[in-house]
Amino acid sequence: MKICIVNPGRCGGTLMLCYLHSKLPGYNMLYEVITKDLPQDENIIFKHQFLYTHQPLEGADKYIICDRKDKDAWLFSTYMSSVNKHHHGSVKGSIWKFNEADYNRSKLNMSKVYDEVWIPERNRLLRAGADMVWQEDMKIEEDVYFRGTKLVPVWSCKRE
């Protein structure tokens, strides 16, 4: 079975991918698939960030959408991940770059892309039978690792 975790980007997809992979013995895991060609492996779980590729991915047996209820939290997380080159959440006690003017420009542009590009794709996947998980509702109580790095929750607000 080919299982695809699809998300707009930077909203907990890696956490979900690694957690589910730990529960699926015999499955290979790919971090991201960014082409239209799916891997030929029979039992595989992978992530596809739609707003990174701007193209739907067809051919998986199962799609699980991972998104945010709080769009502002998603916008902030996407911005912070990009400017700080740290895509798996904030690390408490660290100093991170943040520029209010840059963030406001990014917020306007990314909000438009989210609404006009991601939402129609998310709705298409839901109509086709995809399951949906909100990042805020994920209750993972164990440590989850990606390539030896402990995954932490993504940024949610400027005060973190």
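Two strands count as paired if DSSP finds at least two bridges between them, and helices (H or I, at least four residues) and strands (E, at least two) are DSSP runs numbered from the N terminus. The model is predicted: local features need pLDDT of at least 70, side-chain atom pairs count only at pLDDT 80 or more, and totals for chains, interfaces and linings use all residues. Residues are numbered from 1 along each chain as its sequence is written, and side-chain values use heavy atoms, with hydrogens and water left out.

**View 1. Pairing of strands E1 and E4 in the sheet.** Strand E1 (residues 2–7) and strand E4 (residues 62–67) are joined by four bridges in the parallel sense. Ile 3 stands opposite Lys 62 of E4. Strands of a sheet pair through backbone hydrogen bonds, either parallel or antiparallel.

**View 2. The open sheet of five strands.** The strand order is E2-E3-E1-E4-E5, with parallel pairing. Strand E2 (28–30) and strand E5 (131–134) stand at the edges; each has a single partner strand, so one side of each is left without a neighbour in the sheet. From one strand to the next the twist averages 20 degrees. Axes here are lines fitted to C-alpha atoms, for helices over the stretch in contact, and angles run from 0 to 180 degrees between N-to-C directions.

**View 3. Helices H1 and H4 against the sheet.** Helix H1 (residues 13–22) packs on the sheet and touches E1, E2, E3, E4 and E5, where contact means heavy atoms within 4.5 Å. The direction of H1 makes about 175 degrees with that of E3. Helix H4 (residues 100–127) also packs on the sheet, touching E1, E4 and E5. The direction of H4 makes about 145 degrees with that of E4.

View 4. Leaving aside residues up to four places away in sequence, His 48 touches Cys 4, Ile 5, Val 6, Asn 7, Val 33, Thr 53, Gln 55, Pro 56 and Leu 57.

**View 5. Salt bridge between Asp 131 and Lys 62.** A salt bridge is a side-chain nitrogen of Lys or Arg within 4 Å of a carboxyl oxygen of Asp or Glu; by this rule the count comes to twelve. In the Asp 131 and Lys 62 pair, the N to O distance is 2.6 Å. Asp 131 lies in strand E5 and Lys 62 in strand E4, so the pair ties together parts that are 69 residues apart in sequence. Asp 131 is partly exposed at 39% relative accessible area, and Lys 62 is partly exposed at 24%.

View 6. The side chains of Asp 102 and Arg 105 meet at 2.3 Å, N to O. Asp 102 is partly exposed at 36%, as is Arg 105 at 48%. Glu 121 forms a salt bridge with Arg 124, with the closest N and O atoms 2.8 Å apart. Glu 121 is buried at 7% relative accessible area, whereas Arg 124 is partly exposed at 24%. Glu 58, Glu 121 and Arg 124 are linked in a network of salt bridges.

Conventions. Buried < 20%, exposed > 50% of the residue type's maximum accessible area, 1.4 Å probe, protein only.
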